[in-house]
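Dear colleague,

Please find below the sequence and structure that I am handing over to you. My findings follow directly after them.

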Amino acid sequence: MAAPAPPPVALHQENVPDDLICSICMTVPSEPLITPCDHLFCRTCIHQALSDRNICPIDRRPCTVGRLRQLDGILSRIWSGIQVKCGGHESGCAWRGSIADYSSHVQNNCSASSGNNNNSSAVREEELDSLREENVSLLMRLADANQQIDSLTSLANNLQQSLDSRPEVPTLFHGTYNFRRENVTELSQLVSRYLEDKPSNIDGNKIYDCVRSCYNDLERGFSDNPQHYYLDMRMLLATCLASTWFSNNQRASLQSWYNAHFSSGPCTVRKQSKIIKCSICGTGSEA
């Protein structure tokens, strides 16, 4: 049996469109075939690939030999205009011409396809078959990787859409540190929102000063303290202790303040002979 013809070599490879190069053997196909998903391969390459799995090596879409088609229209005319030299030029064949004439040249008058050259051609074809198999495997892996990338991209887009559709969170920090007993709950909300990731534009020391000022107002027991100030301060100190905003010394002070008022017994506060239950633990007892 005659050895298969070596693939042609484009005279001006840089001018050949990428879509007209076989993705398996990386040469210009002398017998091009197109998959249903519009990928072009050499006849030998795609037949060999489909003998293993009936999917396109590029995008893994279903494909069988029966669904392959030949070039037509303007794509065929572009392909016919590619100038090549014989794949056996190193063996002495000086033929050059249109790639559309290459199969006829090899079958009829290629000097490199006869005599002792058949042995070397057979060796080259054997090597080419091995490279085809390797390239098909790499293309499959690349297709898998692309699918994973598409899946991750889709997931990222969905997450971004989810974030964009969330109701706008009100701004709790406006660049000033005007947190006093009147708005101590806002200070608790600010710390809890960024519990372990304090924004760089917020000064933890100044926040600590605000907490200390609020605590001092609790200690003094001002008659005009907000109605639920006791409970609000308990929430603020507990939130601060759960955060990573403060230094060790500051945390020690926060802990001592919390222990002084809130660490023993049920969380209750007397007001007008009634017990106000703690909003945190829900406990309380009769005055």
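**Surroundings of Ile-207**

Leaving aside residues up to four places away in sequence, Ile-207 touches Tyr-177, Phe-179, Leu-187, Leu-190, Val-191, Ile-202, Trp-245 and Phe-246. Please note that the model is predicted.

Ile-207 also belongs to the largest nonpolar core, which has 30 residues. Together with Leu-187, Leu-190, Val-211, Met-233, Leu-237 and Leu-254, Ile-207 touches the most other members of that core. Four helices, α5 (184-193), α6 (204-220), α7 (229-242) and α8 (248-262), each supply at least two residues of this core. The largest share comes from α7, with eight residues. In soluble globular proteins, nonpolar side chains tend to be buried together.

**A nonpolar patch on the surface**

Nonpolar residues also occur at the surface: Ile-74, Leu-75 and Ile-78 form a patch there, and their accessible area together is about 260 Å². Ile-78 lies in helix α2, which spans residues 73-80. Ile-78 counts as partly exposed because its relative accessibility is 41%, a value between the limits of 20% and 50%.

**The protein overall**

The secondary structure consists of eight helices and eight strands. Of the 287 residues in the protein, 35% are buried. The protein exposes about 17300 Å², of which carbon and sulfur atoms supply 46%. Among contacts with a separation of 6 or more, 53% are between residues 24 or more positions apart.

With kind regards

Terms used: Residues numbered from 1 in each chain as written. Predicted model: local features only at pLDDT ≥ 70, side-chain atom pairs only at ≥ 80, totals over all residues. Heavy atoms only, no water. Patch = residues over 30% accessible without salt bridge, like charges linked within 9 Å, V, L, I, M, F, W, Y side chains within 5 Å. Areas by Shrake-Rupley, 256 points an atom, 1.4 Å probe, with all protein chains shown as cover. Salt bridge = Lys/Arg side-chain N within 4 Å of Asp/Glu carboxyl O. Buried < 20%, exposed > 50% of the residue type's maximum accessible area, 1.4 Å probe, protein only. Contact = heavy atoms within 4.5 Å. Core = buried A, V, L, I, M, F, W, Y, C linked by side-chain atoms within 4.5 Å.
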